[in-house]
Each structure stands twice: as C-alpha cells, then as structure tokens.
Amino acid sequence: MKLRALLFIHLLGIVASQAQNSHPERDLVQYVNTLQGTNSKFELTRGNTYPTTALPFGMNTWTPQTGRNGDGWKYQYFKDEIRGFQQAHQCSSWTNDYAVFSLMPVSGKLKLMEDERATEFSHANEVAKPNYYMVTLENGIKTEIAPSERGAHLRFEFPKGKSSFLVLDGYTGLSRVKIDKEKRRITGFVKNGRGMERFEDFRNYFVIQFDKPFKTFGTWENRDGKKWDGQTRGEGEGIGAFLEFDKGSRVQAKVASSYISNEQALTTLVAELGKDQDLEETKVRGARIWNKQLGKILVEGGTEEQIKTFYSCFFRASLFSRKFYEIDEHGDPYYYSPYDGGIHKGYMFTDTGFWDTFRGQFPLNAILSPKMHGRYVAALLDAYDQCGWLPSWSFPSEAGSMVGNHAISLLADAWAKGIRTFNPEKALEAYFHEVTNKGPWGPANGRDGWKEYFTIGYVPYPEVKEATAKTLEYAYDDFCAYKLAKDSGNKFYEEIFSRHMYNYKNVYDEKSGFMRGRKKNGQWVKDFDAYEWGGPFTEGNAWHYLWSVFQDPQGLINLLGGNEPFTAKMDSVFNVSGKVNVGTYGGKIHEMTEMQMANMGQYAHGNQPIQHMIYFYNYAGQPWKAQYRVREVMEKLYNSSENGYPGDEDQGQTSSWFVLSALGFYSVTPGTDQYVIGSPVFKKATINLENGNTFIINAKDNDKENVFIQSATLNGDEFLKNYLSYDQISKGGNLNFEMSTEPNLIRNINKESTPFSLSPQFKTN
C-alpha cells in the first residue's frame, strides 16, 4: 500500500510538472528592441533614444557610445564606430548627460584618446536587449553588458594572441581614479554634466572589480592624452585609467556606483552583483526581472510587429523616472539629495520632465506600479522641503525646463486614484508657493508671469515668452489644485483655485477660432497666423494649442459653438495643409519636420501638446473618429525599428501613449480617475495588477481593418461609457469589445457616456 501511494504521488508530480511546463512564463524580453528610435540626429529625431541596458527604473543605465564625450547624441544608428561603453543617465539628447564615465577595450597598440580608440562595428554583430547588450567590434573584441539596478556586469573578450587593454575615460569634468593591483580593483569618482553645478560635493563614486590580474596599468587624462605608466592614483579634469591584461584575455568587470561614497558603491556591488560568478547569472536574473515587469501586461492576437512595438515601447515606459536612492548595509533606503546636497533617509526619484510625462507616463505607473508611484509622489514633497520648490524638470536636480507647474498634476492624480501617501494640505501649500513666486532655475521653476495671470486672467505676450501656452497649462494645473483641495476637503484652496481653472477662456479668440497671444492691455497680438510656430506657444502653433484644455473639453466645445463645429475643427487638423511658418524660431526645428513627415495635416504627434487631442472626439458625440484616428497613429507612426518613433520619445511619455492606447484607453485628464476609451490593438490584453487582480480587455475580431467598436460589455453588463475609472481597472474584471470595419454611429453619443469636464453641456437657444 505504501509503495502504491508513493508511486501515485510520483505520478502526480510528473503530471503537475508537465502541466506547469506546458504553460511556461512568456519570454517577453525577446520582443524588445532597445535600438528602437536610435536613428536620430539634431535635424530629425526618430526617438532620440540610445540602446539602454538597465533594470526597470534603475538608477544607472549602460550604453555603447558612438558620439564624442559630451555629445547629447550618444548613440546614433547610422554611425559605424564605438568609442566606449558608458554608465549613463541621459533622458534627452537636448539635456545631455551627467555623472558619466566609460570603459573601452583596445587591442594591438594602446590607444587612449576617444578618436584614436574608436573602432568600427556592424549592427549585424550587435544584440540589444534590456538585460543584455553585446557587440563584436570589427577588430574582433567582443563586449557584453548585463545590468543591475545601480551597476552592471561587463565582459571583454579579446582575440587570441592579441594584446588586451581596457581604458577608463573620466569624461568631461573632474574625475579621480585609484588602481588597486592586489585587489584587482579601480575606485574613484566623476563629476560632470549639467544641473549639479550648485553642489560642489556632488560626485558619482564608482568601484570596478575585475576577475583577472593587471599585467600593467597607469593613469591618463583625456584633454591632451598624457599618460603616467605605473601610477596608481590621479585626480583632475578628464583623469582616467588604463589596464593591460594577458594577451587574448576574457575579462569580467563588475561595476557599481553611488552618489554617497565609495564605501556605499562597494556595498552596492556586493549586494547586487557579489554572488554572480559569471555574466550569464546577471543576464538571466535581468531577464527574469524584465519578464516580470513586462508581464504586467500580456498581449495576444496581434501581428509579430505589433507585439514587438508594444513591448519595445513598454520597455521605454519602464525606465523613467529613475530611482535615485540607494540601499545601505542594513537594507534601508537613503539618498544623496540633488535638491540640497544632503544625505536623507527614504526614497527619491529623478530624471524626468513633467511637461512631457504628466500626460501618460505617470498615469500608466499609477495602474501598474502604485506602490512605487506612492513613494514617488511622497518624494515630491521631500524635494520641496529640501530646495523650497516642487520639481518640474529634474535632471537630477530641479532644472525648471519647459512650462507649467505639473507636479500638482501628479499629486492630484495619485490622490484621485486612492494613492494617498502624502499630506494633501502640505502639497497645496507647496503648490501655492510655486504659483505665486518665480524661482531661479528656469521658466517652470515657479511661474513666469504669475502676477498678470492672477490679476488679468492670462499671461501677456510679448511681455512673457510662450505666454499663451503658459496660460493654458497654468489653468490646467490650477484645476488639479482645485481637484486635490476638493477631494481632500480643503475649502480654502478649493475656493482659491476655482477662480483660475477657467482662465483658458481668456486667450480664446472667437473671431479666429484659436487660442492666441494677447497683450497686457487686452488686445490680441496682430498678424495672427495659425501656422506660425513659437511666439506665444511652446514648440508648436495655434493648431496644436487650441486643444490644451485637459480639464474642460466640454468648455472648449462650448467656446467653439457646440459639437458639430468642434468636431469639424478637429477633422480639419488632419485635413489642412501641413505647412509650417517657422515664426520666432527663425528656422525649421525638428518637430516641424516630423509633423510634415507624418503627413497628417497639422497633427504633430511627435511632440506632447497635441497627443491627447484625438480622444476629444469622445466628448463631442463622435467616439468612432477617436477609434479610427488612434489606430491610424499607432499603425502609421510607431514601429519597433531604429526609426520607431514620430519624434522625441521624451522619458517614457511617447511610449506610454502607445502602451495605454494599445490597451484601448488614455489618460486625457490626469487629476481625475478616468481613462478615455479609444480602440485596442490586440485581440486580448491582460493587465496583471500589483494587488493580485487581473483586468482583461478582449476585442473580438480585432485586426488592422476592424478598428471600430460595435458594442461592449464590462463584467457581463452592457458598457455604455466612453471612459473607464481607475477603480474599475484596479478591481479587475473583463472588458469585452465587438470590433468591426464599420463605425457604430449611435453608440455612446449621449451626455451620460461622456468623460469628465468642468463645464456643463452647451445648450443652444
């Protein structure tokens, strides 16, 4: 009997094992191409990305370098030489990078200067995945990188019988190196890049641990190429190190860094990479971590290219904002603050511009990573305590770039969705200070033109640059403050900001049918041209900024005279000429070129101001047009290749637009709990939520032609809304669409189906 029982248990184990193996975890990393969007240049960007090797939201990233030290275009697909392999943090070519150093293997004669050591390569000999980068250079040297959160495992394989050198480049600023031959280790720091000049003690400390002994070594500097053979220490501008290994060596290097100290860098190295005997272990763990992150959304029933595009975009959406905190020897988080230069306990994040990312990237995080997002919004108030201002564009400190005060959007949005990890009264006090002062660090640090905005109801032009764009974004931000105050029961701030959230109306000109620049005396700026870029607008023109009324689409509909003229105006965006008047820019900027290349009239999806506009059809009785246009944009303007984006990717925002839209909805009004319906790309998408629930979107008969929603049910009941709530998603359930080639012209066109707006529906006499 005992033998039979044991045999029965054994058979059950075999069956269970077979059942488990028949449904293995999907390898989603295979679909990601980290070269997506890398075929970019100053004149035309197809993403302005680089082949990032990193873990989700990791503090550091690694990338091959084709550009010169200090060049924002650090990797360009059309280049054919690699100069080094960088630890990087760059979130935009336009902002450049900070805290950078690089390693470069050299064979034959030792070559130190970046132009001399640059070596040809071919994309045919390159692998670019989130957890693994590999390239075999034309000289036969093979380089591999696998990431950890704050470091990486690198391997350099030199041709047999050839000399084997490794060069550490100290990049563009102050650097220090110390070579420890006995421990096979280099330690040091770099201090370079924009944004941290205000802190003299800012350093990126690093430790590099090798598995092979050094045959020879020395230090050098990258200004004149001087080198000092046998020297173990050096400090100064562009100081680096070089090592020689035995000929034909296969060398592994574990790297970690810290903004706190070299000791913390070593603690991190041991914690993150210490147990890995070989790069394969780091690579496999990285794949497991990325598959868990990408597995938060499982898509099925699309083309191979659609799946590759989706997961490549999802990868980019999972990089920002970066963790800026470290883990001490006791396992507790702490960080060097980029806001006051002090050391603090807790969590900090950085490297994002809210002007881009408040729109989609953070609303996506709220769904997929609410725990991290809760820490993020709480850290906004820590930043306020440390520098006296809410962040607007952190890189890694407050830069104040672009326009608007969108930290309040993140705070209000989190609160509306039940992520309540901060004191709302303190948030409102911080915002009130933000909008009644002008800070020292750029137009979005504090508020340009704040006195006029509050007294005459708009920011005047030409007295203030980009004034109309600022008016529109200030009004939205004031709505967010009003909403947070209302939701948290703060009558004082609710009353204050309720006065200003309709200020968008003060820059609308009924005669022209556009938002316009307006002088301080109330007169419109003369010689209006809707095709003219710049002036009162930011990286766009009047065709783009007409729609910057996120908080009140119905109010905008009312201004334009009702649903019919409103939708006609929306249609005209796609149908009018794509002509450009360069205006105050004085020449063609890349956003203009990208809009014309898209060949969709004045629809400029390559930049943020108009990305939400398509979804406005849901507010005006024509949801089928949103369904058609959103699918057109995803199919026409995105792909998984080096030309994969219609403009700057922008710290995950353009990718997040695609990820959300491919699921079938988008965050038109952050600060509310709503996601507005579009048209899903896949027959099935499963969102695996952090709370253990799943939300499944099924789209029967979905394909590239069947883009229109005929009918829908949510958890078995007829679904008659043009929006989903955050709560409906987070509770889990099933949203089922019936798709067709023909639009359903009578479905969800009444007021009850319409998403949130501040204003009531327009009524004609």
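Predicted model: local features only at pLDDT ≥ 70, side-chain atom pairs only at ≥ 80, totals over all residues.
**Entry 1**

I began at Asn 715, which counts as partly exposed at 47% relative accessibility. For these labels, buried means under 20% relative accessible area, exposed means over 50%, and partly exposed lies in between, with a 1.4 Å probe and protein chains only. Residues are numbered from 1 along each chain as its sequence is written, and side-chain values use heavy atoms, with hydrogens and water left out.

Asn 715 is not a glycine, yet its phi is positive, at about 55°. I found Asn 715 in the loop between strand 33 (708–714) and strand 34 (717–718). Helices (H or I, at least four residues) and strands (E, at least two) are DSSP runs, numbered from the N terminus.

Then I looked up Asn 599, another residue that has a positive phi of about 55° although it is not a glycine. Asn 599 sits in the loop between helix 17 (590–598) and helix 18 (623–637). Is Asn 599 buried or exposed? Asn 599 is exposed, with a relative accessible area of 61%.

**Entry 2: His 590**

With 6% relative accessibility, His 590 counts as buried. I set aside its neighbours within four places in sequence and listed what His 590 is in contact with: Phe 42, Glu 43, Leu 44, Thr 45, Trp 94 and Asp 648. Contact here means heavy atoms within 4.5 Å. I also checked Tyr 50, which is 540 residues from His 590 along the chain; their C-alpha atoms are separated by 18 Å.

**Entry 3: two cis peptide bonds**

I noted a cis peptide bond from Phe 320 to Ser 321, with omega near -5°. Ser 321 belongs to the loop between helix 5 (304–317) and strand 20 (322–323). Another cis peptide bond joins Phe 395 and Pro 396, and there omega is about -15°. Pro 396 is placed in the loop between strand 26 (393–394) and helix 9 (407–416).

**Entry 4: a sheet and a buried helix**

I traced an open sheet of three strands in the order 21-22-23, with antiparallel pairing. Two strands pair if DSSP finds at least two bridges between them. Which strands are at the edges? Strand 21 (326–327) and strand 23 (343–345) are the edge strands, as each pairs on one side only. Strand 21 joins strand 22 (residues 333–336) in the antiparallel sense over two bridges. For Glu 326, the bridge partner in strand 22 is Tyr 334.

Next came helix 7 (residues 361–368): eight of its eight residues are buried, so helix 7 is largely enclosed by the rest of the structure. Among these buried residues are Phe 362, Leu 364 and Ile 367.

**Entry 5: aromatic rings**

Phe 362 turned up again in a cluster linked by ring pairs, together with Tyr 325, Tyr 347, Phe 349, Phe 354 and Tyr 376. How many aromatic pairs does the structure hold? I found 56 aromatic pairs. Rings of Phe, Tyr and Trp (its six-membered ring) pair if their centres lie within 6.5 Å; planes under 30 degrees apart count as stacked, over 60 as edge-to-face and the rest as tilted.

I picked out Trp 290 and Phe 315, a tilted pair at 5.1 Å centre to centre and 55° between the planes. Trp 290 lies in helix 4 (residues 279–294) and Phe 315 in helix 5, so the pair ties together parts that are 25 residues apart in sequence. Both Trp 290 and Phe 315 are buried.

I then compared Tyr 493 and Phe 497, a stacked pair at 6.2 Å centre to centre and 20° between the planes. Both lie in helix 13 (residues 491–498), four residues apart, about one turn of the helix. An α-helix has 3.6 residues a turn, so residues three or four places apart point the same way. Tyr 493 and Phe 497 are both buried.

**Entry 6: helix 15 on helix 16**

My last stop was helix 15 (residues 553–560), which packs with helix 16 (residues 563–575) at an angle of about 100°, their axes 7 Å apart. Axes are lines fitted to C-alpha atoms, for helices over the stretch in contact, and angles run from 0 to 180 degrees between N-to-C directions. The two helices are therefore roughly perpendicular. Angles under 35 degrees count as roughly parallel, over 145 as roughly antiparallel, 65 to 115 as roughly perpendicular and the rest as oblique.
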